[in-house]
Number of protein chains: 2
Amino acid sequence: MIINIFVYVLMQQAIQAFLLIPKDSDFTIKNIPFGVASKPNGNPFPATIIGDSVINLAKLEELGYFNGPLFSTLGSKVFDSGNLNKFVSLSRPYWKEVRSQIQSLFQCGSQLENNQEALAQIITPVQDIQNHLPITIGEYTDFYSSKNHAFNMGSIIRGPDNAMQPNWYYLPVGYHGRRSSIVIDGTDIRRPWGQVKAPTAEKPSFTKCKRLDYELEIGAVIGGAPNNLGEPIKVNQAEDRVFGFVILNDWSARDVQVWEYVPLGPFGAKNFASTISPWIVSIEALEPFRIQLPEQDPEPFIYLKEKNHTSFDIRLEVLIGTEKSPELEHFTTSNFKYMYWSVNQQIAHHSITGCNIQPGDLFGSGTISGTTKDGRGCLMEYTWNGKEPLVLKSGEQRLFLEDGDVLEMRGYAGEGENRVGFGRCKGKILPALDEAYFQS
Amino acid sequence: MIINIFVYVLMQQAIQAFLLIPKDSDFTIKNIPFGVASKPNGNPFPATIIGDSVINLAKLEELGYFNGPLFSTLGSKVFDSGNLNKFVSLSRPYWKEVRSQIQSLFQCGSQLENNQEALAQIITPVQDIQNHLPITIGEYTDFYSSKNHAFNMGSIIRGPDNAMQPNWYYLPVGYHGRRSSIVIDGTDIRRPWGQVKAPTAEKPSFTKCKRLDYELEIGAVIGGAPNNLGEPIKVNQAEDRVFGFVILNDWSARDVQVWEYVPLGPFGAKNFASTISPWIVSIEALEPFRIQLPEQDPEPFIYLKEKNHTSFDIRLEVLIGTEKSPELEHFTTSNFKYMYWSVNQQIAHHSITGCNIQPGDLFGSGTISGTTKDGRGCLMEYTWNGKEPLVLKSGEQRLFLEDGDVLEMRGYAGEGENRVGFGRCKGKILPALDEAYFQS
């Protein structure tokens, strides 16, 4: 009920930006996502984007555009470095206030609209900037919280009758991942080498990965003050720790994974690269798209029991281009609403034994799969472990990713002037290193 | 052969410090480990220790005591912050040079010996300082590389005939761990809550951990310039990336672990705390204690094939004190020589799919167990999963750790004036949070 009223109030706001916003832009004035950008040969600066205009937040702050009682308590600048970590370490009142002040500043009729001198300092066309990782990521954890994905993967490996492991309905299964190899949209991905063993082979071999896959995920950027070591975060307070979301592609070497993962989990199969979209979309921007998740059975333990068990209605798409047919072709649609465990439950579970969760951490949702074949969030599911090829318009077929393939993910909620989108999360597969590399 | 000559030369050096070195000190002038310390109400500073004298490296540098052509290439200070990350990010020639210059400075007859004014600024008695984490840890990875440990754990879980998983002899099995909860020697450890399920129980329950354990490990502190993403580190160059070693206690909630770890590995059972000893002992200091490891069968793949497959002869001890009998009682002796996979192989494997390894990362060896019962490196092994109690001199028994228990690890190589030790790695178990915590 509280949520519905909030949505209603937001929908009533008729904010109109004075910046040009192309049709179907992810970056309406209702969005105001946060990222880091640089001009050619320039230093990275915290930024937001409206339409195709990138707004320098360091400059806005320097020129004194952030005001009010909340700001005056800070005592030092928030955006004066090459990442958003200081901002992310604050709390929801600050995050809300900054977004709201930016919306006011760029609304038609604002003081800034006719200040051409200030605008020239603050704004750069998006085609003239490069994005960087928006935060220095502290640590990366990846969950496994979409039931459709877990069921499909389990069915492939153990058959549908034993698809779900016994613990899956009791806790949001997750593992610690690697943050050093998290890269920004547009970064090329080198096909890895690794140990693999076919089920029929007597021994493993050392080879170029033959089953290179992507995973369609949402990443939650953790913010706020850390909990003390030994003091779990309560599930109904966990959302205070969610700054916002990005799209996450957790590239996976399936053949490496199946050989290495017993008994301690995925390692080299996952740690060679993950890609995130450049702009962090805030909970505030997504609030109108919050949706109730189905009741959980069995009922969660007290530390996982939410007053409001919710996710967001975010449409997620996957597109592919190949060397022969470089034009991107859409083949998968999923949605962030297909989550069984919520981000708040992931946070509560991550800290239940006492782990201190820090601002700047990134939590992956796990691959998000819908209910139909074209909603499956990775090729292992889509091709049912390499059995049913993905057939492209050009006639080309894919079981797993090939060299030169470009994989792009997109995500957005709402439409028209209410659209709140994530931009893109894209990567191109480079050929593996030559065998000679290992002989020198 | 090269190693033997090197050992011989080192043994010939009769360095005599002018600082008092107590009998059986871990910190002879042959050691020169690196840490971070602070005086009461003071800022943390990079330090080393000789005997009971803590030496302020920032002050030594500030007073111009580090000299020579290598240093002049640096252009900026190395020790002017509250951690050792800048120093660790350099390379072996710098690490060697700094250690060697410190040894010269504190040798009998040095210029510094009679400079009471400088010494007063540089030296603080160890009882007046507090240690801090020596580096801001980038990421933490834990391996599983002691064969005795893997065999014992496998025998407990699956019986001796199926003890070893098929991949174990082919690759150093490891998983990404959590760095935020790594604490320094002396930090109290709160017993965690978590989900557990007894084999006979129909459903899991949410409870205080009843099988709290330690794990006796060596942590390798990674240094040097990072490899590029997509470019694996070659095994015979991997040691360039090892700055030095600490003792590591990887606290474990065994009952939580057994329920949660399928299929993605240990999570909350491990991420609530790990403790490290305060002083990083360098490879240079340990060089005289380098030992050959047995030949591996099967022969490792090319990327794991070392020219010299070695470890170090470091004696590792575990002691326990209880609330009733607080005096520490020694009950386990193991050794870093009981490794199957070397640190160099762990590094090569960690990066084989392309992962970029960064200075400041910490790699745990995995629990190191000897061949006999009193060499087992954790209580799960020692008590054979809670079946054969550890009986203390007081008559008290332990299957797993109880509230108020103090667990201390120690490690050293050599003896007398050649002793190179790690100091201690100690933690006390605090009672779990009250159940009411989760109901508010």
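Buried area is the accessible area (1.4 Å probe) that two parts lose on being put together, summed over both. The model is predicted: local features need pLDDT of at least 70, side-chain atom pairs count only at pLDDT 80 or more, and totals for chains, interfaces and linings use all residues. Residues are numbered from 1 along each chain as written, chains are lettered from A in written order, and side-chain values use heavy atoms without hydrogens and water.

**View 1. The area buried between chain B and chain A.** About 6300 Å² is buried, with carbon and sulfur atoms giving 62%. His176(B), Leu264(B) and Phe267(B) supply 13% of what chain B buries against chain A, more than any other three residues. Chain B brings 65 residues to the contact and chain A brings 65 residues (contact: heavy atoms within 4.5 Å).

**View 2. Salt bridge between Arg179(A) and Glu139(B).** The two side chains meet at 3.7 Å, N to O. The interface of chain B and chain A holds six salt bridges by the rule (a side-chain nitrogen of Lys or Arg within 4 Å of a carboxyl oxygen of Asp or Glu).

**View 3. His149(A), an annotated position.** An unreviewed UniProt entry marks His149(A) as "active site"; such annotations may be inferred rather than shown by experiment. His149(A) lies in helix α7 (residues 147-158) of chain A (helices: DSSP runs of H or I, at least four residues). His149(A) counts as buried because its relative accessibility is 2% (buried: under 20% relative accessible area, 1.4 Å probe, protein chains only). Leaving out residues up to four places away in sequence, His149(A) touches Tyr144(A), Glu215(A), Thr367(A), Ser369(A), Cys378(A) and Glu381(A).

Note on methods:
Helix = DSSP H or I, 4+ residues; strand = E, 2+ residues; numbered from the N terminus. Buried < 20%, exposed > 50% of the residue type's maximum accessible area, 1.4 Å probe, protein only.
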